[in-house]
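Here is a protein model to explore together, one question at a time.

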Amino acid sequence: MTKRNTTIIAFILLAIASRLLILAGPGWANFSPIASMALFVGAYLQNRKQAVAWTLLAVWGSNLILNNTLYDAFFPGFSFGFDGYHMLTFALIALLGQNATASASRFVGTNVVAVIGFFLISNFNSFVSPDHTYTRDFAGLVNCYAAGIPFLKNTIASQFLFSGLFFGAFEALKKQVPALR
């Protein structure tokens with residue numbers, strides 16, 4: 001494994017550990033580095049299949065930990081941490097990452113698309129979930145999206161904070177360590 005890939009994997013492990021920030025309290029809901037990590041991995045791993053695989057492994061691993069500790073009340077018995085909608089979302093964000101480093105406007109744009117995509121897909125998942133009581137009509141869908149709006153500020157804040165940290169730190173490291181280029 002190259003020094004570049006080892007460094008990228010270290011960033012992935014940092015993102016998994018940072019996802020546990022949610023343990024700090026309910027005010028931190030949706031404040032997560034995972035979408036930023038997916039964008040970062042998609043931008044810096046040349047192999048798209050590896051970028052998606054590492055992203056899915058990070059999502060699955062952190063879900064496994066959180067679902068069986070913090071969210072254990074929502075899962076009867078052991079949770080295997082698999083959530084198809086979220087995994088699909090993060091895989092798409094990883095694929096989007098290849099566009100994130102071309103310019104500052106692309107960096108901002110891909111982060112905005114990641115936030116909006118996550119919001120739309122995760123709330124649609126809540127709408128179709130049998131565990132929620134939204135009516136199965138347009139009004140129920142609108143209510144579901146409206147209920148997700150309070151979580152959007154943490155999603156936006158964390159997306160730009162963690163993307164700035166991950167991309168900025170890696171670019172700074174690339175200047176210091178030629179093997180990362």
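Angles between helices run from 0 to 180 degrees between N-to-C directions, with axes taken as lines fitted to C-alpha atoms over the stretch in contact. Keep in mind that this is a predicted model.

Q: Why is H1 called roughly antiparallel to H2?
A: Helix H1, residues 3-19, and H2 pack at an angle of about 170°. Angles over 145 degrees count as roughly antiparallel, and therefore H1 is roughly antiparallel to H2. The axes of these two helices are 9 Å apart.

Q: Which residues of H1 and H2 meet?
A: On the H1 side they are Arg-4, Ile-8, Phe-11, Ile-12, Ala-15 and Arg-19. Their partners in H2 are Ile-34, Met-37, Phe-40, Val-41 and Tyr-44. Sorted by class, this contact has nine nonpolar residues, two charged ones and no polar ones.

Q: What makes Ala-35 count as buried or exposed?
A: The relative accessible area of Ala-35 is 9%. Buried means under 20%, so Ala-35 is buried.

Q: Where does Ala-35 lie, and which residues does Ala-35 touch?
A: Ala-35 lies in helix H2. Leaving aside residues up to four places away in sequence, Ala-35 touches Phe-90, Ile-93 and Gln-159. Ala-35 and Ala-91 are 56 residues apart in sequence, while their C-alpha atoms are 9.4 Å apart in space.

Q: How do you know whether Phe-78 is buried or exposed?
A: Phe-78 has a relative accessible area of 52%. The cut-off for exposed is over 50%, so Phe-78 is exposed. Phe-78 sits in the loop between H3 and H4.

Q: Which residues does Phe-78 touch?
A: Not counting residues up to four places away in sequence, Phe-78 touches Leu-64 and Asn-68. Asn-68 is 10 residues from Phe-78 along the chain, and their C-alpha atoms are separated by 6.4 Å.

Q: What lines the largest pocket?
A: The largest pocket, with a volume of about 1400 Å³, is lined by 42 residues. Asn-30, Tyr-71, Asp-83, His-86 and Ser-126 lie nearest its centre. H2, H3, H4, H5 and H6 each supply at least two residues of the lining, and the largest share, eight residues, comes from H6.

Q: How do the lining residues of the largest pocket divide into nonpolar, polar and charged?
A: The lining has 22 nonpolar, 17 polar and three charged residues.

Notes:
Residues numbered from 1 in each chain as written. Predicted model: local features only at pLDDT ≥ 70, side-chain atom pairs only at ≥ 80, totals over all residues. Heavy atoms only, no water. 1 Å grid on protein atoms, 1.4 Å probe; cavity = no way out; pocket = protein on both sides within 12 Å on 5 of 7 lines; lining within 4 Å. Points joined across faces, edges and corners; volume = space filled by probe spheres on them. Helix = DSSP H or I, 4+ residues; strand = E, 2+ residues; numbered from the N terminus. Nonpolar A, V, L, I, M, F, W, Y, C, P; charged D, E, K, R; others polar. Buried < 20%, exposed > 50% of the residue type's maximum accessible area, 1.4 Å probe, protein only. Contact = heavy atoms within 4.5 Å. Parallel < 35°, antiparallel > 145°, perpendicular 65-115°, else oblique.
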